[in-house]
Amino acid sequence: MNEGFRFKQFTVRHDRCAMKVGTDGVLLGAWARVDDAKKALDVGTGTGLIALMLAQRNSSLRVVGVEIDEAAAQQAAENVAASPWPERIRIVQANFREMETEGERYDLIVSNPPFFTEETGCPDAARQAARHASALPTAALMEKAEQLLSEEGRLCLIVPTAVSAEVIGEAALQCLFLARRTEVKTTPRKAAKRTLLEFTKIITNCETTTLTLRDAENQMSPTYRALTEAFYL
C-alpha cells in the first residue's frame, strides 16, 4: 500500500516496515492515558503510528520513538516529517536496551511488541519482526522501562492474551504493578485475543474492563468507535 494508511490528521506509509499499520497499534495509541504526560517513549515504534497518535492527543507532549530496524526507523522519520507535529516527535534508530538516555525520564512508555505464540503466528514467517522480539525479550523490556519511567509514570502495552500472565509476572519482578487492564474481544461471542496493560511504580487497585470491537452484526461497536473516532476516517 504505497499510498499509506490515511487517518484524519496524518498518513502512515508502511511499505518498508515489517510491522504494518494494524488494529493493535491503533488500540494502544488511543487507549494509553496521555493527559498529564509531558514526555513519552514509544518502544519499537515501527511506522511511528503510536507516536503520532500520542502527539495528536496531547498538544504539549514530546515523543521519542525508538526503532532497531534501519528501514523502519527511516520510514517512521519520514512519516513524522510529513505530519502536523514534526517538532514534537523524534525518531531514534537504536536497540532499546542500549539506548543512551542521559538521565532522561518519561511520564509514559508505550510498546506494541512482536510476541510470537502458537496463536499469534510463526517467527519464520516474519523474520524481520522476529529479530525485534529476540533483541528485546519481555524481561529486558521491563527492566529498561522501569529505569526510564518517572516515579508517577505509566508503561502501557498491548499483548496477546495468551502471554498476558507472563508479562504481568515479568513486570512484577521489576516492581511495576498492574494498574489497568482491558481485555479486547473481536466480537461478543469470541474470547479475548489481545490485552491492553498499564503498569505503574505505585501499587493501586487494578481497573479491569472489556472492549468488544464489533457487535453481533459485525458493525464497529459504540465503545470502539468512541475510542478511535479522532483517528479513523
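Guide: Helices (H or I, at least four residues) and strands (E, at least two) are DSSP runs, numbered from the N terminus. By that count, the secondary structure of this protein comes to 7 helices and 10 strands. The model is a predicted one. Its mean pLDDT is 90, and 90% of the residues reach 70 or more. In residues 116–132, however, the pLDDT is below 50, and this stretch has 24 contacts in the model beyond near neighbours in sequence.

The part to look at is helix α5, which covers residues 138–148. Some background on the whole protein comes before it. Of the 233 residues, 50% are buried. Among contacts between residues at least 6 apart in sequence, 73% join residues at least 24 apart.

Now to the helix itself. The buried residues of α5 are Thr138, Ala140, Leu141, Met142, Lys144, Ala145 and Leu148. They pack against the strands β3 (39–43), β6, β7 (149–160) and β9 (194–200), and against the helix α6 (164–173).

Leaving aside neighbours within four places in sequence, Ala145 is in contact with Phe96, Ile109 and Leu155. Leu155 is 10 residues away from Ala145 along the chain, and the C-alpha atoms of the two are separated by 7.3 Å.

The next partner is α6. Two packed helices are described by the angle between their axes and the distance between the axes. For α5 and α6 the angle is about 40°, and the axes are 9 Å apart. The two helices are therefore oblique to each other. Their crossing is right-handed. On the α5 side the contact is made by Thr138, Ala139 and Met142, and on the α6 side by Glu166, Val167, Glu170 and Ala171. These residues divide into 4 nonpolar, 1 polar and 2 charged. Two of the α5 residues in this contact, Thr138 and Met142, are also on the list of buried residues of the helix.

β6 is among the strands that the buried residues of α5 pack against. This strand covers residues 106–111, and Ser111 lies in it. Ser111 is buried, with a relative accessible area of 2%. Not counting residues up to four places away in sequence, Ser111 touches Leu28, Val43, Cys156, Leu157 and Ile158.

The axes of α1 (residues 23–31) and α2 (residues 49–57) come within 9 Å and cross at roughly 30°. Here the helices are therefore roughly parallel to each other, and the crossing is right-handed.

To return to the helix you asked about: α5 has its buried residues packed against β3, β6, β7, α6 and β9, and it meets α6 at an angle of about 40°.

Technical notes. Residues are numbered from 1 along each chain as its sequence is written. This is a predicted model: local features need pLDDT of at least 70, side-chain atom pairs count only at pLDDT 80 or more; totals for chains, interfaces and linings use all residues. Side-chain values use heavy atoms; hydrogens and water are left out. Axes are lines fitted to C-alpha atoms, for helices over the stretch in contact, and angles run from 0 to 180 degrees between N-to-C directions. Angles under 35 degrees count as roughly parallel, over 145 as roughly antiparallel, 65 to 115 as roughly perpendicular and the rest as oblique. A crossing is left-handed if the near helix is turned anticlockwise from the far one by less than a right angle, and right-handed if clockwise. pLDDT is the predictor's confidence in each residue, from 0 to 100. Contact means heavy atoms within 4.5 Å. Buried means under 20% relative accessible area, exposed over 50%, partly exposed in between (1.4 Å probe, protein chains only). Ala, Val, Leu, Ile, Met, Phe, Trp, Tyr, Cys and Pro count as nonpolar, Asp, Glu, Lys and Arg as charged, and the others, Gly among them, as polar.
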